[in-house]
Structures are given as structure tokens and as C-alpha cells.
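Hi,

Here is the structure we talked about, handed over for you to open alongside this note. My notes on what turned up follow below.

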Amino acid sequence: MSWDQRNKYELEEVKVLEALKPHSNLTCLTISGFRGLRLPKWINHLVLNNVVSIVIRGCENCSCLPPFGILPCLESLELLMGSAEYVGEDDDVHSGFPTRRRFPSLRKTFYRRIS
């Protein structure tokens, strides 16, 4: 999903992205130019269990990243971010007993903060 043109309806962008639900066989996800403060809740949902590659770029207002480390098949993660300050936590972290290994399949990462 990409927002190439900046419109004045940021709230509409948030509603559209939150309403989209990826297919359970999705293997690659790219989000570009999204202006919301947080990426949608479905990003750390079990529906992304087959995702191998994630690219997040130009999401300048996004201050919190989802816990990508829980995605079992994720091999490539590229983040070109503006203001991300922290990574959200999943339920294992809140329980005090982390039971899952983080990023079990990760092979390639790229992160660049855009000022």
C-alpha cells in the first residue's frame, strides 16, 4: 500500500489502512508514505504468519513499530522511518515470561532514520 500524494485527510488514510486485512497467504508487505501515528493493529496479528518480507518507508508520523519479532517467517525487514521511537510489545512480554524466540527467521535488516 502506498500513499504517493499527500492529501489533507490523514484520518482517512488511517481508517483505510486499518480496514484492510491482508490475505493469510501474503508473503510480502510494503507500506509507503502512510501518515498515521501507528501502523494498523493487524500487522502483528496471526494473519501475517507467512510474511517473509516487510518494507516500511516514509511513514514520517509513525512513532511506534509493531513487534515484528513475533512473525515466524520474516526473513527481511527494511525500515526507512521518520520518527519511530519504540517498538510495541506483544502479550509474551506483558506476561513476564517470554516464550517465543524473537525474529526466528530474520536474515536481512535495514534501518535508516529519515530526518
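The sulfur of cysteine 62 sits 6.2 Å from the closest cysteine sulfur, the one in cysteine 59, and that is too far for a bond. For a disulfide, the two cysteine sulfur atoms have to be within 2.5 Å. Searching the whole structure gives 0 disulfides. Cysteine 62 is also buried, at a relative accessible area of 0%. Buried here means under 20% relative accessible area, exposed means over 50%, and partly exposed is in between (1.4 Å probe, protein chains only).

Before you go further: this is a predicted model, where local features need pLDDT of at least 70 and side-chain atom pairs count only at pLDDT 80 or more, while totals for chains, interfaces and linings use all residues. Residues are numbered from 1 along each chain as its sequence is written, and side-chain values use heavy atoms, with hydrogens and water left out.

Now the sheet. An open sheet is formed by 4 strands in the order β1-β2-β4-β6, with parallel pairing. Its edge strands are β1 and β6, each of which pairs on one side only. From one strand to the next, the twist averages 0° (axes are lines fitted to C-alpha atoms, for helices over the stretch in contact, and angles run from 0 to 180 degrees between N-to-C directions). Strands (E, at least two residues) and helices (H or I, at least four) are DSSP runs, numbered from the N terminus, and two strands count as paired if DSSP finds at least two bridges between them.

Going across the sheet, β1 and β2 are parallel and share 5 bridges. In that pair, cysteine 28 is opposite serine 53 of β2, and isoleucine 31 has isoleucine 56 as its bridge partner in β2. Next, 6 bridges link β2 and β4, again in the parallel sense; here isoleucine 56 is opposite leucine 79 and arginine 57 has leucine 80 as its partner. Finally, β4 runs parallel to β6 (residues 108-113), joined by 6 bridges, and leucine 79 faces tyrosine 111 there.

How covered are the strands β2 and β4? In β2, 6 of its 7 residues are buried, and in β4 it is 6 of its 6. On β4, Ser76, Glu78 and Leu80 point one way while Leu77, Leu79 and Met81 point the other way, and all are buried.

β2 starts with serine 53 (the strand covers residues 53-59). Serine 53 is buried, with a relative accessible area of 18%. Not counting residues up to four places away in sequence, serine 53 touches Thr27, Cys28, Leu29, Leu74 and Ser76; a contact means heavy atoms within 4.5 Å.

Last, the core. The largest nonpolar core has 21 residues, and Ile31, Leu39, Ile43, Ile54, Ile56 and Phe68 touch the most other members. The elements giving two or more residues to this core are β1 (28-32), β2 and β4 (76-81). A nonpolar core means a set of buried Ala, Val, Leu, Ile, Met, Phe, Trp, Tyr and Cys residues joined through side-chain atoms within 4.5 Å. Isoleucine 56, leaving aside neighbours within four places in sequence, is in contact with Ile31, Leu39, Phe68, Glu78, Leu79, Leu80 and Met81.

Cheers
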